[in-house]
Amino acid sequence: MKRTNDRMQRSALVWALIAAFMTNLTVLGAGQIFLGPAGSGTWNGSSKWLTGQVGTASTSYDFNDTASGMCAFVISNTVAGKENRADWRSEQFSLGPAAGGARPITFTFAYKLSDRVQPRNNIHVQLRFFDSTGTNFLAERVIPVGAHTSDSAMTAYRTLTLTDILAPAKARMADVWIDANIFEPWVSGTAHFDDISVTTVPRSIGFKLTVIASVVIGMGASGVLLVYLWRRRAPVLK
């Protein structure tokens, strides 16, 4: 019975090592690392976004016309003048492993401009970078959508993706700001935004190979130890 239990324990350990190895491979092969912003497409998360509206401009949620998920952010204005403006702004989020430009960032979002876009009308979508305190603005990437992207009276969402963005050296925090009729004119009606995401890449291939090599060496050493212990405990045949 004791020998049977010993074999079962050794077998369980071997399978545990194999499972750990496969888990490492799965994790190392994972895709982009999500950084933020929180609540970019769900009702519960949307409460974490700040919103402002002045004059005739407005913001709202749409639960029926979304790119995916439960709701989309809506921003709208039809009357000229700086006194009519609106915006959505996410809470700040940490840049994590992409802080200080350590890794490239991918910024993606879906949008739909339901009405005819007037000439030179654009809504600004801004990925903004801040220092560790979150109070000192450092830089931004601005994506004007509308006349700039040649979109008008859209019947379906379009997704824009910007890759290889490097944060400034002192950047530790970021946010996403969507604004209408603030920096450029927007009197072209309603716009929907959804699936807003800021991600970065996992560690380099070299680092992954080092980790895999370490795991393999560890498994090999464990196997040698198991064989050694088994031989010491095995009965000697005479």
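**Close-up views of a predicted model**

View 1. Phe183, at 47% relative accessibility, is partly exposed.

**View 2. The aromatic pair of Phe109 and Phe193.** The structure holds 10 aromatic pairs. One of them joins Phe109 and Phe193 in a tilted arrangement, with centres 6.3 Å apart and planes at 45 degrees. Phe109 belongs to strand S7 and Phe193 to strand S12, so this pair ties together parts of the chain that are 84 residues apart in sequence. Both Phe109 and Phe193 are buried. Leaving out residues up to four places away in sequence, Phe109 also touches Val125, Ile143 and Leu160, among others.

**View 3. The largest nonpolar core.** This core has 38 residues, and Phe107, Phe109, Leu127 and Phe193 are the ones that touch the most other members. Strands that each supply at least two core residues include S4 (72–77), S5 (85–89), S8 (122–130) and S12 (189–200). The largest share, 5 residues, comes from S7.

**View 4. Ala174 and its surroundings.** Here we zoom in on a residue of strand S11, Ala174. Its relative accessibility is 0%, so Ala174 counts as buried. Who are its contacts once neighbours within four places in sequence are set aside? Ala174 is in contact with Glu91, Gln92, Phe93 and Leu95, and also with Leu127, Arg128, Phe129 and Phe130. For a sense of scale, the C-alpha atoms of Ala174 and Phe137 are separated by 9.2 Å, while the two residues sit 37 residues apart along the chain.

**View 5. A cluster of four rings.** Trp49, Tyr61, Phe73 and Trp88 are linked into a cluster by ring pairs.

**View 6. Where to read the model with care.** The average pLDDT over the chain is 82, and 69% of the residues score at least 70. Residues 12–29 have a pLDDT below 50, and this stretch makes 15 contacts in the model beyond near neighbours in sequence. The pLDDT is also below 50 over residues 206–211, where the model shows 5 such contacts.

Terms used: Residues numbered from 1 in each chain as written. Predicted model: local features only at pLDDT ≥ 70, side-chain atom pairs only at ≥ 80, totals over all residues. Heavy atoms only, no water. Core = buried A, V, L, I, M, F, W, Y, C linked by side-chain atoms within 4.5 Å. Buried < 20%, exposed > 50% of the residue type's maximum accessible area, 1.4 Å probe, protein only. Helix = DSSP H or I, 4+ residues; strand = E, 2+ residues; numbered from the N terminus. Contact = heavy atoms within 4.5 Å. pLDDT = per-residue confidence, 0-100. Phe/Tyr/Trp six-rings, centres within 6.5 Å; stacked < 30°, edge-to-face > 60°.
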